[in-house]
Amino acid sequence: MGFRILAALLMGGLILAAGLAILQALGRPGLTPPGEPPARRLYYCPSCGAEFLEVRKGRADAPSHCGQPMAEREEIGT
């Protein structure tokens, strides 16, 4: 009976430690420096009209959708 209580306390401690680590990671600032606005680009699929907003720079080429590259749209609402 004592082993089950010890195992339950150990598992509870591990779950609590994992939860606190996740909350601390969510509280950390992102990769963008505080004074610099993120680079945002808006792409749309000419075939189906799906849109993709790129908030931080990924690859240099445009993403693809429906088997073809998406087109970059100039206007982005702030």
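This note comments on the sheet, the aromatic pair and the cysteines of the structure above.

1. Basis of the note. The model is predicted: local features need pLDDT of at least 70, side-chain atom pairs count only at pLDDT 80 or more, and totals for chains, interfaces and linings use all residues. Residues are numbered from 1 along each chain as its sequence is written, and side-chain values use heavy atoms, with hydrogens and water left out.

2. The sheet. Three strands, in the order β2-β1-β5, make up an open sheet with antiparallel pairing. Its edge strands, β2 (51-54) and β5 (71-73), each pair on one side only. From one strand to the next, the twist averages 35°. Strands here are DSSP runs of E with at least two residues, numbered from the N terminus, and two of them pair if DSSP finds at least two bridges between them. In general, strands of a sheet pair through backbone hydrogen bonds.

3. The pairing of β1 with β2. Strand β1 (residues 41-44) is joined to β2 by four bridges, and the two run antiparallel. Arg 41 has Glu 54 of β2 as its bridge partner, while Tyr 44 has Glu 51. The two strands form a hairpin with six residues between them, and Gly 49 in the turn has a positive phi of about 85°.

4. The pairing of β1 with β5. Three bridges link β1 and β5 in the antiparallel sense. Here Tyr 43 stands opposite Glu 72 of β5.

5. The aromatic pair. How many aromatic pairs does a search of the whole structure find? The search finds one. The ring centres of Tyr 43 and Phe 52 are 6.5 Å apart and the planes lie at 25°, so the pair is stacked. Rings of Phe, Tyr and Trp (its six-membered ring) pair if their centres lie within 6.5 Å; planes under 30 degrees apart count as stacked, over 60 as edge-to-face and the rest as tilted. Tyr 43 is buried at 2% relative accessibility, whereas Phe 52 is partly exposed at 36%. Buried means under 20% relative accessible area, exposed over 50%, and partly exposed in between (1.4 Å probe, protein chains only).

6. The cysteines. The structure holds zero disulfides, a disulfide being a pair of cysteine sulfur atoms within 2.5 Å. For Cys 45, the nearest cysteine sulfur is that of Cys 48, 3.8 Å away. Cys 45 is buried at 2% relative accessibility, and Cys 48 is partly exposed at 46%.

Terms used
Axes are lines fitted to C-alpha atoms, for helices over the stretch in contact, and angles run from 0 to 180 degrees between N-to-C directions.
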